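Dear colleague,

Please read them with the model open.

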Amino acid sequence: AAPAAAAARSGGRQPCPRPFAAGRREASVAAGMAAAALPEIPPSPAAAAGGSRGGLSRASSEPCMRDGPQRRKGSAAARAAFLERQSKHSAVEARRNISQLQKQILRDGRSADDVEFWGAQGREGFRTYLEKKHGSIVNGWRALDRDKNGRLSFYEFCNNCRAMGFHGNFKKLWKQLDENGNGFVSIMEIDPEVGRYVGTYKLALMKKYGDMLTAWKKGIDVNGSGRIEEREIAASLERLGITDLEPKTLFRMLSTNKKLGLTLQEFDPDSYNRFVSGDFKGLTMKANKEFLEDVVDGPEDMPQDPEEKKGGVLEWRRQLMEKDRKEHFAELDRIKQVKCGVHDAEGFKKVLVQRCGSLLQAWRRALDLDGNGKITFGEFVVALGRLGLHGDIKGLWKQLDVKGKGWLVFADLDPEIDAQIAELKEKLEKTYGNVLLAWIKAFDVKGNGLVPEQQFVKGCHIAGFSGDPKVLFNTLRPNKERAFLTIRDYDNRAYLALSRGDFKMLSEQ
């Protein structure tokens, strides 16, 4: 379409192609560019003597292209020079000053915090922490020495310090405490004065009284109040003949509250455990040697418990068991006298009368639930469980089953009432054929199923009953508020036969 448009503009004439014109034009342009090229720089004498590279190799702007001692880009010398120039810059200097100021502020803040941080104050701070945390150095040491062996290893020290909430440089503190370098720390190394005071006082008590519980009762808390004051400590020191210990200082070391006084639990936890558990001789506990090893010269000077000297630990244990056994049986006898239940036959019958109104109703409603007239030992145990009675069930069974039949009948509980019921049934069967016909003809004459006392007495007299009908009526009546009997109160087998229409009671024979 483009050639056609061009032809139309030229009047239909086609342009004549000139293939050689462009070639001549390009040749003339190349010749002009050659004429305008830069003049060649002659090489210097040194360059001509040293190599074939041109004069550009001498330019100061291209130092890294030369083979010589000049610095190469990226070398260590170049980086050092660059950092030196940067460090002298004013902006970098300002940032450096701000960073140093921030570090100084942090150091000052930490120093201010360390004033109240006991972990940064060495041995004195550790002692102060123990007093603040536990009330006294003695209680703090007991929190550290959990196994009560009188010394701490580094492992125990670190773990127990963390458990009580103490933080700090444990290695530095341990070096300050373990002065002799034996790998263990005692209370004498934490606070020598406390160790000497408490150890000397307890050693004197052990030598005089034998054990700390006896010393507390006879030598310290002589009035039995359970709490001692400073004057009682002074009196005990006077009785022991100790004059080099200050009572006020000793009381302050042992007590956590001066106003409330010193208790046995604060004075000696092991003795308190003996007192609470009743093991006054400490037969089930280790020997109490707290704070004593630091004040004695050797193991031979360590006081021994009286039982250990006599070698009678087994004898004391036997006596303790005998005492516990006697107390146990005495308590059982006391419970038996107070608690009505299954401990003997008479108590068992009293409970049945209280629960059910009479022994007959207890037999029918609680013991002989299937109505077969006897119960086995298994039924007896289940029945007592339902009644909520506990005790010597086997012993009670033997008291009730005197003949050793292996089962119980109502006659084993109340032979008198059982004999009256048996006599009445015999007379009724002889007169009417069976107890169901006797109920219909002699007692329930109106046919409403309810028999009052007067009609029951009349029917018993007709049958020739020799007992007291009124007493038997009250015994058969399940509820004292009721004024009548039903056939189920009268005889359970007659009730079942009547429900089946078996008037001759053939199914009950």
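Is E229 buried, partly exposed or exposed? At 42% relative accessibility, E229 counts as partly exposed, where buried means under 20% relative accessible area, exposed over 50% and partly exposed in between, with a 1.4 Å probe and protein chains only.

This is a predicted model, in which local features need pLDDT of at least 70 and side-chain atom pairs count only at pLDDT 80 or more, while totals for chains, interfaces and linings use all residues. Residues are numbered from 1 along each chain as its sequence is written, and side-chain values use heavy atoms, with hydrogens and water left out.

The structure holds 11 salt bridges, each being a side-chain nitrogen of Lys or Arg within 4 Å of a carboxyl oxygen of Asp or Glu. One of them joins E179 to R123, at 2.6 Å from N to O. E179 lies in the loop between helix 9 (170-177) and helix 10 (187-190), and R123 in helix 6 (residues 122-134), so the pair ties together parts that are 56 residues apart in sequence; helices here are DSSP runs of H or I with at least four residues, numbered from the N terminus. E179 is exposed, at 60% relative accessibility, whereas R123 is buried, at 19%.

E229, for its part, meets R231 in a salt bridge of 3.3 Å, N to O, and R231 is exposed with a relative accessible area of 56%. In the salt bridge between R482 and D489, the closest N and O atoms are 2.5 Å apart; R482 is partly exposed at 23%, while D489 is buried at 9%. Finally, D401, K405 and D412 are linked in a network of salt bridges.

Key. Helix = DSSP H or I, 4+ residues; strand = E, 2+ residues; numbered from the N terminus.
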